[in-house]
Amino acid sequence: MNKPLQILLFLLILTTFVFAQQTVEVFPINQKQSAQIYVQPGDHISITVTGQWTLWDQYSPVDGQGHPFVANETFGNWGALLGTIGNGEPFIVGNQLDMTSDAEGILYLFPNKDKYQIENSSGSLVASVTGGTPLEDYVANNLSDAEYFAFNPENGVLVTDLVFEAGETAEVYAFGDWTMWKDTYPLVNADGHEFIADGIPWGKLYAGIGSTTGQFMNVYGVGQKNTIQFEEKGVLTFYPHISNFISSKNGQMSIYVVGGQPATDEDKVSIDTETSQYFAQIALNQFNQYRSACQLNSLEINESLSQAAMIHAKYMLENNSFTRTEEEDYPYFTAQSPDDRANFFGYDQSKIREMFCMTESVDNAVNILFNTVYHRIRLMNPQLKYLGYGSYKKGDQTIHVFDFGYDTEYSSESLYHVYPAENATDVQLQWSGYELPDPLPAGTVKPLGAPITALFTEKITSTVITEIVNADTGEMVEHYPISPDNDINKRKINAVILVPIYILNPLTTYNVSITVVKENEEEQTVAWSFTTTELVQQ
């Protein structure tokens with residue numbers, strides 16, 4: 001064969017390889033359907049469409065131009081074929097499209113639906129696509145050195161075995177489809193649903209860097225592809241953004257990670273310890289801010305209590321058993337009571353009190369506990385001295401455990417401590433009203449105003465009068481008074497708590513007055529004022 005003919009044959013083969021057509025069947029459903037083609041910026045894409053479909057059986061089948069009425073001004077007819085690349089903006093395909101991509105990611109094809117419901121659809125379109133790279137080939141040629149993880153969202157979190165140093169980067173690819181609400185929300189890619197939860201697409205893939213137990217010092221939105229530079233050393237974990245919404249997950253995400261090193265057992269122990277200490281310090285600072293406002297002594301971290309709190313957090317979530325008492329036959333059993341668990345880890349001081357809370361973040365857990373009736377009273381105890389903290393994450397659930405130790409010989413120099421503090425500003429307006437046991441009468445309408453607490457250091461027996469007055473209007477504020485003589489749960493409290501029946505007004509000053517009878521039958525009156533915040537807390 002002569003040389004010009006060899007060159008021509010080579011060019012024909014090369015052209016056939018580069019511009020090979022890939023055929024994709026697209027269905028008239030409310031879902032972006034993957035063409036399994038990876039497109040990079042600068043790739044020329046040509047799409048030719050054949051076939052017919054209908055998005056409603058009352059309409060005749062149509063081609064890629066869609067049904068003859070406009071669904072929206074941007075994309076035209078209802079049922080017209082649309083496309084998108086990665087998380088880029090949608091574009092009209094119709095029956096024919098030639099374009100040069102400025103986006104990167106998988107090519108998705110789907111019908112133009114807008115706000116209209118698809119009912120009894122039928123048929124399909126066939127898109128012949130030239131350009132891009134078959135996803136399987138892209139993975140084989142570009143991600144052969146990446147670590148691969150199959151992530152079933154029903155598991156809630158995926159803890160990898162990769163550790164990253166501070167300043168290191170990871171390149172993360174996520175291919176696949178999942179839904180956060182099976183049979184209700186359509187399958188979506190790693191960029192998540194159109195539904196926004198706390199400003200973030202519900203179900204968007206996130207990466208966390210921190211411990212193996214779900215304590216993240218930093219989190220990063222990933223989506224289909226992202227390069228992350230980590231600010232802290234830690235183990236890499238993935239999870240879908242759920243917030244506080246109930247979910248029913250389905251699907252699978254294939255995740256490829258370039259970078260990092262396999263974490264040794266020593267790495268994991270060291271990182272878990274450092275991360276736990278980091279979050280314990282956050283909890284300590286927050287508790288001490290509250291206690292300082294009440295003119296109370298500061299707490300200090302006790303590592304033995306923190307170890308006891310951490311292992312009990314794991315016990316509760318792994319066994320789905322939310323109680324302070326552990327059962328010996330259950331996995332991760334340490335000891336039955338909080339006191340025994342603390343002693344097991346070397347704590348040899350006085351009595352232990354334990355609190356736990358189910359929420360995503362430690363700061364939210366502290367706020368929830370302190371802004372209650374009974375838990376606040378315990379957290380205002382002048383004899384509190386030591387704090388132990390541990391948390392554990394499993395699936396969508398994160399539990400925070402706080403173990404407290406006491407200095408029983410300490411006595412406060414004040415006759416009382418109040419919260420909100422005297423002349424406090426930015427005081428929250430409302431309380432959900434939910435606490436176990438419930439301190440309020442059956443049938444109480446919730447939410448309510450934020451609780452107001454006066455804790456006494458000398459024993460009190462009853463209340464004479466309790467008042468909350470709107471200083472701006474002079475109006476009395478209706479409230480539930482809770483005191484030793486009327487506490488429906490008979491908790492032996494030495495405090496008076498006023499719970500406003502209605503949410504407090506923003507930027508308003510309130511005057512509080514409480515008169516109690518002490519054990520020696522003397523009366524004592526406490527009076528102070530505070531001003532509320534501008535915004536309603538959710």
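Which strand pairs with S20 in the antiparallel sense over 4 bridges? The answer is given in point 2, after a word on the model itself.

1. Basis of the note. This is a predicted model, in which local features need pLDDT of at least 70 and side-chain atom pairs count only at pLDDT 80 or more, while totals for chains, interfaces and linings use all residues. Residues are numbered from 1 along each chain as its sequence is written, and side-chain values use heavy atoms, with hydrogens and water left out.

2. Strand S20 and its partners. The strand asked about above is S13 (residues 158-164), which pairs with S20 in the antiparallel sense over 4 bridges; strands here are DSSP runs of E with at least two residues, helices are runs of H or I with at least four residues, and both are numbered from the N terminus. Two strands are said to pair if DSSP finds at least two bridges between them. Strand S20 itself covers residues 234-240, and it is largely enclosed by the rest of the structure because 7 of its 7 residues are buried. For this and the later points, buried means under 20% relative accessible area, exposed means over 50%, and partly exposed lies in between, with a 1.4 Å probe and protein chains only.

3. An open sheet of 5 strands. The order in this sheet is S7-S6-S9-S2-S11, and the pairing is antiparallel. Strand S7 (91-92) and strand S11 (133-134) stand at the edges, and each has a single partner strand, so one side of each is left without a neighbour in the sheet. Strand S6 (residues 81-85) and strand S9 (residues 105-111) pair in the antiparallel sense over 5 bridges, and the bridge partner of Leu81 in S9 is Pro111.

4. Asn112, in the loop between S9 and strand S10 (122-130). This residue is buried, with a relative accessible area of 2%. Its side chain is joined to that of Asn72 by a polar contact of 3.2 Å, where a polar contact is a pair of N or O atoms within 3.5 Å; within protein, one atom must be able to donate a hydrogen and the other to accept it, and residues adjacent in sequence count only if both atoms are side-chain atoms. A polar atom of the side chain of Asn112 also lies 3.2 Å from the backbone oxygen of Gly76. Leaving out residues up to four places away in sequence, Asn112 touches a set of residues that includes Leu55, Phe75, Trp78 and Leu82, contact being heavy atoms within 4.5 Å.

5. Pro338, in helix H5 (residues 338-344). Pro338 counts as buried, at 12% relative accessibility. Apart from neighbours within four places in sequence, Pro338 is in contact with Arg324, Ile352 and Glu354. The C-alpha atoms of Pro338 and Thr325 are separated by 7.4 Å, although the two residues are 13 residues apart along the chain.

6. Cysteines. With a disulfide taken as a pair of cysteine sulfur atoms within 2.5 Å, the count comes to 0 disulfides. The closest cysteine sulfur to that of Cys294 is in Cys357, 19 Å away, which is too far for a bond. Cys357, likewise, is in no disulfide. Cys294 counts as buried at 2% relative accessibility, and Cys357 counts as buried at 8%.

7. Backbone geometry to check. Most residues other than glycine have a negative phi, and most peptide bonds are trans. The peptide bond from Tyr419 to Pro420 is cis, with omega near 0°, and Pro420 is found in the loop between strand S27 (416-419) and strand S28 (424-427). A cis peptide bond also joins Lys446 and Pro447, with omega about 5°; Pro447 has its place in the loop between strand S29 (430-431) and strand S30 (448-449). Gln36, which is not a glycine, has a positive phi of about 55°; this residue is found in strand S2 (residues 33-39) and is partly exposed, with a relative accessible area of 45%. Asp426, also not a glycine, has a positive phi of about 60°; Asp426 lies in strand S28 and is exposed, with a relative accessible area of 56%.
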